[in-house]
Amino acid sequence: MKNAFGAPQSLLVLGGTSEIGLATARRMIARRTRTVWLAGRPSPALTAAADSLRVLGADVRTVPFDALDTESHEERLGKIFTEGDIDMVLLAFGVLGDQARDESDPVAAVRVAQTNYTGAVSAGLVCAGALQAQGHGSLVVLSSVAGERARRADFIYGSSKAGLDVFAQGLGDALYGTGVHVMVVRPGFVRSKMTAGRAEAPLATTPEAVASAIELGLRRRSETVWVPGALRMVMTAVRHAPRSLFRLLPV
């Protein structure tokens with residue numbers, strides 16, 4: 001259960017090497033989160049991530065998880081919940097892909113869609129069911145402003161995030177009144193290893209800023225969080241721009 005500081009005592013990060021996921025874990029540990037599960041593909045990076053959190057005083061455990069191996073999700077993620085209640089699940093995995101390459105490589109494009117959407121639907125439903133069974137908890141889903149409107153520069157990635165966003169909103173409605181809180185987080189451009197080498201967009205943010213927004217959103221029981229907050233108004237304008245004009249914008 002959440003402690004007096006409003007932080008979860010136990011946290012499961014799906015995407016255990018995600019920079020946003022780890023920044024959130026560090027912030028929650030500072031607020032007295034005691035148990036952290038990092039779910040991801042076994043690798044030196046996952047081991048290093050776990051070690052970096054252990055030195056902060058948390059009991060950190062890793063579990064093998066592959067977004068594309070949906071048939072294993074129920075068994076592997078379900079086992080985590082048999083070890084004790086999980087107060088917060090952060091769905092933080094995803095891939096950007098390479099738009100220029102993926103347009104001419106349908107297999108690569110499908111991999112982006114399967115990771116960001118199909119894998120997230122599978123893992124999200126498994127965790128939502130477990131949270132509902134225990135009667136409490138928060139499911140935080142990392143979406144993206146890229147899902148707000150199709151852009152020439154990243155419509156494959158954006159379409160996968162659009163699907164995820166709608167799924168998470170609907171899941172939140174389905175779980176309303178059960179004690180389970182679903183929160184959709186829509187960051188803009190995040191400075192991270194994933195975006196290294198890409199042109200930085202306006203209102204760029206950091207993993208730490210996203211983590212801070214997640215914490216505030218949990219305290220407020222928000223259903224949607226924009227990072228930074230100014231993106232809410234920006235994307236409202238973008239969403240309603242005429243298509244003929246939108247095509248001409250440098251986006």
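# A tour of helices and a sheet

**Stop 1: two crossing helices.** Select helix α1 (residues 19-30) and helix α7 (residues 207-220): their axes come within 8 Å and cross at roughly 55°. That angle makes α1 oblique to α7. The crossing of the two, α1 and α7, is right-handed. Keep in mind that this is a predicted model.

Now show the side chains. On the α1 side, pick Glu19, Ile20, Ala23, Thr24, Arg26, Arg27 and Met28. They meet Pro207, Glu208, Val210, Ala211, Ser212, Ile214, Glu215 and Leu218 in α7. Colour this contact of α1 with α7 by class: eight residues are nonpolar, two polar and five charged.

**Stop 2: the whole sheet.** Switch to the strands. Seven of them form an open sheet in the order β3-β2-β1-β4-β5-β6-β7, with parallel pairing. Find β3 (59-64) and β7 (224-227) at the edges. Each has a single partner strand, so one side of each is left without a neighbour in the sheet. Look along the sheet for its twist, which averages 15° from one strand to the next.

**Stop 3: strand by strand.** Start with strand β2 (residues 35-40). Five bridges join β2 to β1, and the two run parallel. Select leucine 11 and its bridge partner in β2, valine 36.

Next, take strand β1 (residues 10-14) with β4: they pair in the parallel sense over four bridges. Here leucine 12 stands opposite valine 89 in β4. Move on to strand β5 (residues 137-142), which pairs with β4 in the parallel sense, over four bridges. Leucine 91 stands opposite valine 141 in β5.

**Stop 4: both faces of β4.** Stay on strand β4 (residues 88-91). Are Met88, Val89, Leu90 and Leu91 buried or exposed? All are buried, and both faces of β4 are covered. Met88 and Leu90 are on one side, Val89 and Leu91 on the other. In a regular strand the side chains alternate between the two faces of the sheet.

**Stop 5**

Stop 6: The crossing of α5 with α6 is right-handed.

Zoom in on the contact. Residues of α5 including Ala109, Tyr117 and Leu125 meet residues of α6 including Ile156, Leu164 and Phe167. This contact of α5 with α6 has 13 nonpolar residues, four polar and no charged.

Technical notes. Residues numbered from 1 in each chain as written. Predicted model: local features only at pLDDT ≥ 70, side-chain atom pairs only at ≥ 80, totals over all residues. Heavy atoms only, no water. Axes fitted to C-alpha atoms, helices over the stretch in contact; angles between N-to-C directions. Parallel < 35°, antiparallel > 145°, perpendicular 65-115°, else oblique. Left-handed = near helix turned anticlockwise from the far one by under 90°. Contact = heavy atoms within 4.5 Å. Nonpolar A, V, L, I, M, F, W, Y, C, P; charged D, E, K, R; others polar. Buried < 20%, exposed > 50% of the residue type's maximum accessible area, 1.4 Å probe, protein only. Pairing = 2+ DSSP bridges.
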